[in-house]
Amino acid sequence: MNDELRQRVRENAKYLRNVRPIDADEISQYIESQPHPGVVRQILRQEAPSLGLVERADRTFEPVEEGPIAPTFRGVEAFPPEYGMGLENLLVDRFGPDWHEGESGNRLRNAIQRLKEDYFRNNPVEYDETAALGYAIYHLPDNYAAVQYVVHELAEEGLFDRRLRILDVGAGVGGPALGLADYLPEDALVEYDAVEPSAAADVFEHMLADADRNFHADVHRETAEAFDPTESGALAAADADGEDAGGYDVVLFANVLNELDDPEAVVRRYLDFLADDGSVVALEPADRETSIGLRQVERAVVDDAGAAAVFYPTLRLWPGERPTDRGWSFDVKPDLEVPAFQRKLDEAAGASGEFVNADVQFSYSILRPDGTRKVEFDLDTEHVAKMADMDRHVTQRIDLVALKLSHSLAEGDRNPLFKISDGSEAEDHFAVLTRETAMNADLGTAEYGDLLSFENVLVLWNDDEEAYNLVVDEDTIVDRIPV
């Protein structure tokens with residue numbers, strides 16, 4: 001396709017977009033050489049992001065609608081079977097129809113075991129072809145689901161527009177990209193820059209090959225430290241077109257911060273490429289080391305650099321205070337249906353369940369340079385206790401306002417136990433429900449990230465856990481605070 005033809009197509013599209021839907025057949029008739037409509041349509045698809053066009057089901061194009069999306073998200077029940085078939089096709093191409101058995105099955109299972117061990121011990125992770133495929137088998141489904149739950153926190157506040165530029169740093173095998181493609185409506189226009197230097201990029205390209213027609217994904221095989229958005233990707237393309245590049249609406253770090261040598265420096269660097277009203281979205285597995293590592297990065301960027309504020313969920317409720325506890329906090333969502341490809345690999349090894357991963361448990365942080373917070377709340381600092389001062393209140397009953405930052409962490413028949421935070425704590429604080437009543441039931445039913453008020457809660461110190469236990473009993477009132 002020569003540059004002159006591309007220019008003629010663009011000129012016609014710019015004129016027609018203000019008049020009626022853009023039809024490749026019509027544009028073909030307006031160009032002297034009368035190129036085939038299929039060629040014109042291909043050019044329109046390639047130029048759609050810079051022209052601000054979305055392709056309709058009838059294969060015509062129209063300007064993307066302005067304004068935020070209206071999310072219809074209700075959770076994720078299963079990894080879409082068409083994506084599962086796409087992954088299995090890749091496995092069959094590489095290992096044959098019996099990929100899950102024999103030597104190839106053993107190699108894939110060994111790769112999954114090594115990855116799990118490395119994540120648990122916070123060791124460096126290397127992705128060759130087999131490791132990337134093993135990671136895809138084990139983690140594509142939960143990564144696909146987790147990112148949708150997290151970005152929904154932004155979208156339900158009207159902070160996800162129909163036209164989006166997204167940078168996925170450490171894009172891996174494509175789970176988050178697939179999740180975002182399915183979360184967004186078909187008439188959203190997305191420019192998606194995926195940065196991935198390892199063999200996982202091959203899996204990403206295969207899985208995203210059939211993405212929605214208005215989801216324009218581009219893979220950059222560079223490290224997070226080396227990639228320059230001003231030289232390639234959506235921002236560079238905007239500059240070349242004479243547009244104001246602005247910045248990315250979302251910079252996504254999904255399960256990658258724990259693999260970087262200096263994650264704080266990388267996050268700070270990419271804040272420079274974020275739009276003024278954009279968001280950094282970071283996710284990590286719920287494992288202790290990766291979860292705590294995520295919170296350390298968040299605190300370094302927010303508290304030390306001051307380059308952004310926490311949008312959600314670990315808000316600072318007390319002005320001028322910052323948390324210094326270990327910060328292990330994660331959300332839990334309903335399990336997914338077990339995908340067929342996981343079941344095959346697991347059953348070939350005796351169906352132990354070791355290679356099935358239907359859990360959706362993750363830690364996350366959303367940061368924004370504009371200071372917007374999901375929960376805006378005026379704290380009555382004169383009448384509630386501060387966690388930073390909790391040592392003053394041991395064995396006393398107090399009033400408190402805090403965020404609920406876990407599901408029940410209790411094992412077996414023990415009393416329900418929930419991590420809570422007000423953003424000032426130096427040690428972990430847990431609310432222990434020893435006797436549930438109608439007046440304190442909100443502690444158990446509140447969602448992760450909900451704001452709660454506690455009245456007459458008993459403060460105790462737990463030597464074994466080196467944490468404060470706030471005992472919620474029949475004399476305690478707990479209310480969810482609407483915001």
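Student: Which residues in α5 meet T130, A131, L133, G134, Y135, I137 and Y138 in α6?

Tutor: This is a predicted model. In it, contact means heavy atoms within 4.5 Å. The α5 residues that meet this α6 set are R107, L108, A111, I112, L115, K116 and Y119.

Student: How many nonpolar, polar and charged residues does the contact of α5 with α6 have?

Tutor: Ala, Leu, Ile and Tyr count as nonpolar, Lys and Arg as charged, and Gly as polar. By class, the contact of α5 with α6 has 10 nonpolar, 2 polar and 2 charged residues.

Student: Is α5 roughly parallel or roughly perpendicular to α6?

Tutor: The axes of α5 (residues 102-121) and α6 (residues 129-155) lie 8 Å apart, at an angle of about 80 degrees. Angles of 65 to 115 degrees count as roughly perpendicular. Therefore α5 is, relative to α6, roughly perpendicular.

Student: Where is Q34, and is Q34 buried or partly exposed?

Tutor: Q34 is not a glycine, yet its phi is positive, about 45 degrees. Q34 sits in the loop between α2 (24-30) and α3 (37-51). Its relative accessible area is 48%, so Q34 is partly exposed.

Student: Is T395 buried or exposed?

Tutor: T395 also has a positive phi, near 75 degrees, and is not a glycine. T395 lies in the loop between β10 (360-368) and β11 (397-404). Exposed means over 50% relative accessible area. At 61%, T395 is therefore exposed.

Student: Which residue does a cis peptide bond join to Y312?

Tutor: Most peptide bonds are trans. Here omega is about 0 degrees, and the bond is cis.

How values were computed: Residues are numbered from 1 along each chain as its sequence is written. This is a predicted model: local features need pLDDT of at least 70, side-chain atom pairs count only at pLDDT 80 or more; totals for chains, interfaces and linings use all residues. Side-chain values use heavy atoms; hydrogens and water are left out. Helices (H or I, at least four residues) and strands (E, at least two) are DSSP runs, numbered from the N terminus. Buried means under 20% relative accessible area, exposed over 50%, partly exposed in between (1.4 Å probe, protein chains only). Axes are lines fitted to C-alpha atoms, for helices over the stretch in contact, and angles run from 0 to 180 degrees between N-to-C directions. Angles under 35 degrees count as roughly parallel, over 145 as roughly antiparallel, 65 to 115 as roughly perpendicular and the rest as oblique.
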